[in-house]
Amino acid sequence: MTIDQKNLLRQGIAAAWPICLGYFPIGLALGVLAQKAGLPWWTVAMMSVLVFAGSAQFICVAMVASEASATSIILTTFVVNLRHVLMSSALAVYLQGVSRRFLALYSYGITDESFAVNLTHFREGGWDRYRALIVNHLANSVWIMATVCGALVGQFVPQGALGLDYALTGMFICLLVFQLQGRIYILTGLLSALISVVWYLLVPGDSYIVGASVCAATIGYLLKRRQRSSR
Amino acid sequence: MTFNEYLLLFGGMGLVTYLPRALPLLYLAHRKMPQWLIDWLGLIPVAILSALLAPSLFTDAATRNLAFGKLEFLVAIPTLLFSLKTRSLGGTVLVGMLLYWLGGLL
């Protein structure tokens with residue numbers, strides 16, 4: 001490897017390790033549940049490679065366990081993962097004019113976590129699509145490994161070890177802090193927190209993420225525009 | 001289930017997961033995006049992060065009711081202060097984990 005490639009990899013790892021740390025216990029848990037639901041370990045590997053979406057995979061395992069039809073599992077997966085439309089669109093601001101082949105590969109790895117980490121780095125500068133792709137694929141590799149480990153030996157790992165369950169929450173808190181770059185961002189964040197909690201309590205399912213994000217960003221945008229035009 | 005049934009199920013799930021991830025990016029990255037869209041999308045990350053976090057801090061997932069004073073929330077306060085002060089992602093993750101672990105032992 002050249003020095004450039006080594007730097008690329010080092011910076012990718014430096015950005016991705018909190019995600020990997022967080023994915024490990026979740027992946028293990030998924031593997032354990034899958035094994036209990038009667039899914040062989042190789043189907044867990046297949047699912048993690050083909051789908052790569054944490055919450056949808058949990059729902060899939062639960063639905064397989066209750067003998068739901070493939071159609072209803074696929075439909076549920078679609079609804080749960082629609083939120084990535086927003087993330088994919090927001091990333092487009094930083095990936096203008098990049099080749100479609102690269103984007104097709106990159107899109108595979110867009111998750112809540114890789115989106116949040118990469119977008120933060122893109123905004124701060126000194127970040128490019130290759131480093132972002134490394135983050136996506138490191139997270140993906142750890143996810144696949146962790147879910148398969150869970151299916152094979154997960155039942156021997158103690159629950160809640162070392163506070164690992166809090167890794168992703170801690171990461172989201174810090175990435176949220178990085179996003180607070182002015183009053184309008186703080187306001188949008190508070191609005192989204194409020195709307196998401198109310199939505200979560202009132203509406204079953206996962207629509208609260210997209211619902212609250214769209215509402216809060218739209219209100220924040222309108223307020224910002226009014227402020228600008230009143231000056 | 002047979003191998004082919006698994007492949008069909010996971011392939012279908014993979015497709016409906018991949019398309020929402022890929023289509024907006026493939027479409028928008030090769031068009032001149034209007035300024036209002038760029039401004040609006042600029043507020044999406046903070047909104048998404050808040051929406052991902054808030055219900056896990058203020059509600060109970062099993063009963064889907066409001067829950068104040070959860071360990072997740074109590075740990076979030078010092079974790080938030082730490083990240084405001086240090087702006088270190090790795091440090092924040094480790095501090096959050098440590099406090100959550102200690103809190104669980106109490």
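These legends go with several close-up views of a predicted model with chains A and B. Residues are numbered from 1 along each chain as its sequence is written, while chains are lettered from A and ligands numbered from 1 in the order in which they are written. Because the model is predicted, local features need pLDDT of at least 70 and side-chain atom pairs count only at pLDDT 80 or more, while totals for chains, interfaces and linings use all residues. The model scores ipTM 0.90 and pTM 0.84.

**View 1. Two domains of chain A.** Welcome to chain A, which is divided into domain 1 (3-179) and domain 2 (181-231); such bounds come from an automatic or database domain assignment. Their C-alpha centres are 25 Å apart. Seven residues of domain 1 meet seven residues of domain 2, where contact means that C-beta atoms, placed from the backbone, lie within 7 Å. On the domain 1 side, four of the residues are nonpolar, two polar and one charged. Here Ala, Val, Leu, Ile, Met, Phe, Trp, Tyr, Cys and Pro count as nonpolar, Asp, Glu, Lys and Arg as charged, and the others, Gly among them, as polar.

**View 2. Where chain A meets chain B.** Chain A brings 75 residues to this contact and chain B brings 60. Helix α9 (residues 167-179) gives the most to the chain A side, with 11 residues. Helices (H or I, at least four residues) and strands (E, at least two) are DSSP runs, numbered from the N terminus. The chain A side has 51 nonpolar, 21 polar and three charged residues.

**View 3. The largest nonpolar core.** This core has 106 residues, and those that touch the most other members are A:L91, A:M171, A:F172, A:L175, B:M13, B:A47 and B:L49. Both domains of chain A give residues to the core, so it lies between them. A nonpolar core is a set of buried Ala, Val, Leu, Ile, Met, Phe, Trp, Tyr and Cys residues joined through C-beta atoms within 7 Å. A residue is buried if 20 or more other C-beta atoms lie within 10 Å of its own, exposed if 12 or fewer, and partly exposed in between, with C-beta atoms placed from the backbone. Leaving out residues up to four places away in sequence, A:M171 touches A:P18, A:I19, A:G22, B:L89 and B:V93.

**View 4. Helix α2 of chain A and its cover.** In this helix (residues 41-50), the buried residues are A:T43, A:V44, A:M46, A:M47, A:S48 and A:L50. Their cover includes α1 (3-36), α3 (54-65) and α8 (129-153) of chain A, together with α1 (3-28) of chain B. After the helix comes A:F52, with a positive phi near 45 degrees.

View 5. Chain B has four helices and two strands, in the order α-α-β-β-α-α from the N terminus. Its mean pLDDT is 93, and 100% of its residues reach 70 or more; pLDDT is the predictor's confidence in each residue, from 0 to 100. Most residues other than glycine have a negative phi. B:R64, in the loop between β1 (59-60) and β2 (65-66), has a positive phi near 55 degrees. B:R64 is partly exposed, with 14 other C-beta atoms within 10 Å. B:R87, in the loop between α3 (71-86) and α4 (89-105), has a positive phi of about 55 degrees. B:R87 is exposed, with 12 other C-beta atoms within 10 Å.

Technical notes:
Contact = placed C-beta atoms within 7 Å.
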